[in-house]
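Try each task before you read its solution.

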Amino acid sequence: MKAVTVEKLGGPEGLILTEVADPVARAGEVVVAVEASGVGLVDAFQRRGQFPGFDRPGFIPGAEVAGRVLGTGPGVAREWIGKHVFALVRTGGYAQRVAVDPGLLIPIPPGLSSVEAIALGINGLVAKFSLLRAGLRPGERVLVRGAGGGIGSSVVQLAVLEGARVTALTSASRAQRVADLGVEDVIVRQAGTDVPGGFDVIIDPVAGPELATFLQKLRANGRYVINGVAAGFPTPDFGSALIASFAKSPVLSLLSLDSMGPAELADVGQALFGLAVTRKLTPLVGMTLRLEEAARAHEVLEDGQVLGKIVLLA
Ligand SMILES: NC(=O)c1ccc[n+]([C@@H]2O[C@H](COP(=O)([O-])OP(=O)(O)OC[C@H]3O[C@@H](n4cnc5c(N)ncnc54)[C@H](OP(=O)(O)O)[C@@H]3O)[C@@H](O)[C@H]2O)c1
């Protein structure tokens, strides 16, 4: 089968299309014939050698796939064969086939394509779990950092759908398209931008050195959820800013999909797919490219102009 491997850690040019052996479904596994796989910043961190456990080249990146079950290994019900599924594979997704634990499969309902399922996939799951963690209620004011990014734009969509009053912080080139998602306010991210305070909830896939400043934008009893580090780790003194807000009893949470069990992931995933089928939620597809264009997909992701998921077609 064809797969894209990271031949050299560093820039997108290290992503090379290669021919590798087809995976075999071992006991307790299925093989999925991949139709679409998602491109996200985690893949770029792995490619650069900046992700724990990915410090050597030779691996196939790609954390999420959608396609049809091709075969089952010993101990797995043959009823899976032919089913249209989404799977969080963590790695190995930039390939035409992938072996997966069936416990990680989420059925894709009729009416939703593989590309749309990927557009909802990791971004939607992180967004929904983050809003659940924050306990967002209708009418509350929520600030979304990196609102034009994959996770950020999904948070915006879901928060709007849940009746929150959304302020989106994003780059100038995406501001109008983010505004069109139904937010109350868009703030353009640039040096010296003044972001007001008083938010009930802040959802933050960016973190970085400005975290301490943003912690102070919560109102009393506000909830702050960090679900990514697109701008890198915060400076070590961010805890001082948190303690300085002691009188406001802020809640700071971190949210990783890695801590979620298969049943929770399947429940939330199916709910997201259901919202899309009933057209309450629009899967945001930024761009579709072929597997052999993986390097270009990473360039586009890191350029930060596209709004919505970058999807590779196997
Ligand atoms: N929690 C989880 O389980 C989980 C799962 C997958 C990924 N992640 C993490 O979530 C983060 C976002 O991933 P993603 O795929 O959504 O990435 P993405 O599409 O590249 O979005 C990140 C966005 O953050 C903003 N941004 C980037 N650099 C910035 C900076 N220096 N200062 C301020 N804003 C900046 C940009 O949005 P604007 O143009 O709108 O400003 C950018 O598009 C990554 O750290 C990734 O590793 C977490």
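**Exercise 1.** Decide whether Glu29 is buried, partly exposed or exposed.

*Solution.* Keep in mind that this is a predicted model. Start with the relative accessible area of Glu29, which is 14%. Next, recall the cut-off: buried means under 20%. Glu29 has 14%, so it counts as buried.

**Exercise 2.** Find where Glu29 is located, and list the residues that it touches.

*Solution.* First trace the chain: Glu29 sits in the loop that links strand 2 (15-19) to strand 3 (30-39). Then look for its contacts, leaving out residues up to four places away in sequence. Glu29 touches Val24, Thr72, Gly73, Val76, Ala99, Val100 and Pro102.

**Exercise 3.** Work out whether the radius of gyration of the protein agrees with that of a compact globule.

*Solution.* Begin with the chain length of 314 residues, for which a compact globule would have a radius of gyration near 20 Å. The protein has 20 Å, so the two agree. For the outline, the C-alpha trace spans about 60 × 40 × 35 Å along the principal axes. Now turn to burial: 50% of the 314 residues count as buried. Finally, consider contacts with a separation of 6 or more: 68% of them join residues 24 or more positions apart.

**Exercise 4.** Count the helices and strands, then the charged side chains.

*Solution.* The protein contains eight helices and 15 strands. Its side chains include 29 positive and 30 negative ones, and the centres of these two sets are 3 Å apart.

Notes: Residues are numbered from 1 along each chain as its sequence is written. This is a predicted model: local features need pLDDT of at least 70, side-chain atom pairs count only at pLDDT 80 or more; totals for chains, interfaces and linings use all residues. Side-chain values use heavy atoms; hydrogens and water are left out. Helices (H or I, at least four residues) and strands (E, at least two) are DSSP runs, numbered from the N terminus. The radius of gyration is taken over C-alpha atoms; the globule rule is 2.2 Å times the number of residues to the power 0.38. Buried means under 20% relative accessible area, exposed over 50%, partly exposed in between (1.4 Å probe, protein chains only). Contact means heavy atoms within 4.5 Å. Lys and Arg count as positive and Asp and Glu as negative; His and the chain ends are not counted. The place of a charge is taken as NZ of Lys, CZ of Arg, CG of Asp or CD of Glu.
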